Amino acid sequence: MLDILFIGLSLGSILLLVALGLAITYGAMGVINMAHGEMVMVGAYVAVLSGIWLDANLFVAIPLAFVATALLGLLIERLVVRRLYGRLLDTLLATWGIAMLLQQAVRLEFGLSFFGVHIEGLGSGLQNVAVPPSLQGTLHLAGAEINAYRTFIIGVTALLTLMTWFILYRTSAGMQVRAIIRNPKMAAACGIDVKRVNAMTFAFGSGLAGVAGVMMSGFKTVFPDMGTTMVVDGFMVVVTGGVGSLFGTLLSSGLLGEINALVAIGTNDILARAVVFGVVILVILVKPSGLFSFKGR
């Protein structure tokens, strides 16, 4: 039973990393970022390419993926999203188009060559990235054998969640983000540079998604479409927990991850996803604003 709980926690941890960026981005910017799942895919490919080019392991790939996807997110915000604020459906369509472009770019293997290095198979899919020896095997806890890599995923997610909480609630930048989430026009009237804060928020959320991709590359096959389902899962976590609520995102990711793990082990993955969708629909029906939404005035 403890092993099942750890599987659920590791799944919930991946969901949390994906959903944190979505929760902050959608809450602060009002943008439905359909390309967020592709940030997960890009992060996974950064882990693959860092191993090929730099002979680097997952420990090195994590900061590399964060920086790479954050810069990509910043570029997308500056070139596309910034011009579409206040146009919800337009941002949805635009970011969906960006997602398609990123997927096709990977399928074409970016011109089949990186700096003269030809890489076979990147466009169709790869085996999961090799896990460092220190993260292989199992750990013994309370008489149960716990997968070491899944424990590492939970630890990294806890660290990044704590860092996100610290930024949001203990720094001036986080105070500005929370002000924009509550009332962007009033925040702008108070002198907050809304465009700059939105850009940094978008980049930070993209970076978290990139780290989630690195984590997934250790136990899942890396392929161009791997982020498509993740963006759906991320939005389910966000609407369940409440838009802009860090605590709600944390709780709902753990809840949905545990439900998925428990049902999947007892039945199968397809039924598990159906049950998760059912739980999300039930929450929306009972509390349309999410479990822990902000109180309005």
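# Reading a predicted helical chain

Student: Which residues form a nonpolar patch on the surface?

Tutor: I52, W53, L54, F59, V60 and L64 form it, with about 530 Å² of accessible area together. Patches are made of residues with over 30% relative accessible area and no salt bridge; like charges are joined within 9 Å, nonpolar side chains (Val, Leu, Ile, Met, Phe, Trp, Tyr) within 5 Å. A salt bridge puts a side-chain nitrogen of Lys or Arg within 4 Å of a carboxyl oxygen of Asp or Glu. Accessible areas come from the Shrake-Rupley method with a 1.4 Å probe; for residues, only the protein chains shown count as cover.

Student: What kind of model is this, and what does it need for local features?

Tutor: This is a predicted model, in which local features need pLDDT of at least 70, side-chain atom pairs count only at pLDDT 80 or more, and totals for chains, interfaces and linings use all residues. Residues are numbered from 1 along each chain as its sequence is written, and side-chain values use heavy atoms, with hydrogens and water left out.

Student: Which helices supply at least two residues each to the patch?

Tutor: Helices (H or I, at least four residues) and strands (E, at least two) are DSSP runs, numbered from the N terminus. Here α2 and α3 (58–79) each supply at least two. The largest share, three residues, comes from α3. F59 sits in α3. F59 counts as partly exposed, at 38% relative accessibility.

Student: How many residues of α2 are buried?

Tutor: Buried means under 20% relative accessible area, exposed over 50%, partly exposed in between (1.4 Å probe, protein chains only). In α2, 15 of the 18 residues are buried, so the helix is largely enclosed by the rest of the structure.

Student: What span is expected for α2?

Tutor: The expected span of a helix is 1.5 Å times one less than its number of residues. Helix α2 (residues 36–53) reaches 26 Å from its first C-alpha to its last, close to the 26 Å expected. Just after α2, D55 takes a positive phi of about 55°.

Student: Which residues does UniProt list for "transmembrane region"?

Tutor: UniProt positions are given in the numbering used here, feature names are shortened, and annotations may be inferred rather than shown by experiment. The unreviewed UniProt entry lists several spans, including 35–53 and 88–106. In the model, residues 35–53 are 95% helix and 0% strand, with end C-alpha atoms 26 Å apart. Residues 88–106 are 100% helix, and their end C-alpha atoms lie 27 Å apart.

Student: Which residues does Q103 touch?

Tutor: Contact means heavy atoms within 4.5 Å. Not counting residues up to four places away in sequence, Q103 touches E38, M41, P224, D225 and T228. Q103 lies in helix α4 (residues 88–107). Q103 is buried, with a relative accessible area of 5%.

Student: Where does V197 lie, and is V197 buried or exposed?

Tutor: V197 lies in helix α8 (residues 194–217). V197 counts as buried, at 5% relative accessibility. Its contacts, beyond four places in sequence, are Q176, V177, I180 and I192. V197 and A28 are 169 residues apart in sequence and 9.0 Å apart in space, C-alpha to C-alpha.

Student: Where does S245 lie?

Tutor: S245 lies in the loop between α9 (228–241) and α10 (246–266). At 9% relative accessibility, S245 counts as buried. The C-alpha atoms of S245 and R178 are separated by 9.8 Å.

Student: How many helices and strands does the chain have?

Tutor: Eleven helices and four strands. Of the 297 residues, 48% count as buried.
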